[in-house]
Amino acid sequence: MSNTPMAANPLTRAVLEIDEYAAGLGWDQPARLFALVDTTRLRAQEPLLAAQLGLEEESGNTGLTPVEQDEIPADRPLDEFLGTIAWPDAVAGCALTVERLMLPPSAENAVPDGLGERELAKWVAGHPDRQEVRMTVAVLRDGTRESALRLREKDSPTEVLTGPDLVPGLAQALTATFEE
């Protein structure tokens, strides 16, 4: 967490911490899922795990601690996988980091009609204005959300865009993992 900028909101701090972690792994990585747990509760209920994570009481680290989950199956659509998740009560929220190709809004009118999902992905991949982006989206049980976007061409911690509504569809899918 050495280069993570200080943010006022614990959820924003967690999103930026996950973004920094993903950036350290480089590009062309699979999607990664994280549970977000209350750091103070983690210290009290799982002191050995907290110590392993460097969350000793004197560190002053409060807020949310991201805990990476098992690998997401590569052979399964992400939305289908997210539909199978149920979180225990100890999990305050969750986050996902995923890489995608995006087009600027100006390219929307040029999308050919009638393309299937596979054809559309191929069309976007071949578009000259495409951008590779890493999206990190986090939600809490109460519906609070935060996102971070990092463009591959501007791969710098100072160029990360944050905001609650940058990737609303993914935020909604993550929120659904807390519904009973």
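Residues are numbered from 1 along each chain as its sequence is written, and side-chain values rest on heavy atoms, with hydrogens and water left out. As the model is a prediction, local features require pLDDT of at least 70 and side-chain atom pairs count only at pLDDT 80 or more, whereas totals for chains, interfaces and linings use all residues.

The largest nonpolar core comprises 23 residues, and those with the most contacts inside it are Leu-33, Trp-87, Leu-96 and Leu-174. Such a core is a set of buried Ala, Val, Leu, Ile, Met, Phe, Trp, Tyr and Cys residues joined through side-chain atoms within 4.5 Å; buried denotes under 20% relative accessible area, exposed over 50%, and partly exposed the range in between (1.4 Å probe, protein chains only). At least two residues of this core are supplied by each of β1 (32-38), α4 (78-82), β3 (91-102), β4 (131-140) and α6 (168-176), where helices (H or I, at least four residues) and strands (E, at least two) are DSSP runs numbered from the N terminus. Leaving aside neighbours within four places in sequence, Trp-87 is in contact (heavy atoms within 4.5 Å) with Leu-33, Phe-34, Ala-35, Gln-69, Cys-94, Arg-141, Thr-177 and Phe-178. A second, separate core of 13 residues includes Ala-14, Ile-18, Leu-36 and Leu-140.

Helix α6 has Leu-170, Ala-171, Leu-174 and Thr-175 as its buried residues. Viewed down the axis of α6, these residues fall within an arc of 140 degrees (taken from the directions from the helix axis to the C-beta atoms), and they therefore line one face of the helix. The buried residues of α6 pack against β1, α4, β3, β4 and β5.

A search of the whole structure identified seven salt bridges, each defined as a side-chain nitrogen of Lys or Arg within 4 Å of a carboxyl oxygen of Asp or Glu. In one of them, Asp-28 pairs with Arg-152, the closest N and O atoms being 3.1 Å apart. Asp-28 lies in the loop between α1 (10-25) and β1, and Arg-152 in the loop between β5 (145-151) and β6 (161-163), so that the pair ties together parts 124 residues apart in sequence. Asp-28 is exposed at 55% relative accessibility, while Arg-152 is partly exposed at 31%. Arg-152 also meets Glu-132 in a salt bridge (2.7 Å, N to O); because Glu-132 lies in strand β4, this pair ties together parts that are 20 residues apart in sequence. Glu-132 is partly exposed, with a relative accessible area of 33%. By contrast, Arg-134 and Glu-99 are both buried, and their salt bridge has its closest N and O atoms 3.9 Å apart. Asp-19, Arg-150 and Asp-155 are linked in a network of salt bridges.

Thr-65, found in strand β2 (residues 64-68), is buried with a relative accessible area of 7%. Its side chain is joined to that of Thr-39 by a polar contact of 2.6 Å, a term that denotes a pair of N or O atoms within 3.5 Å, of which, within protein, one must be able to donate a hydrogen and the other to accept it, residues adjacent in sequence counting only if both atoms are side-chain atoms. Not counting residues up to four places away in sequence, Thr-65 touches Ala-35, Leu-36, Val-37, Thr-39, Leu-42, Leu-53 and Leu-55.
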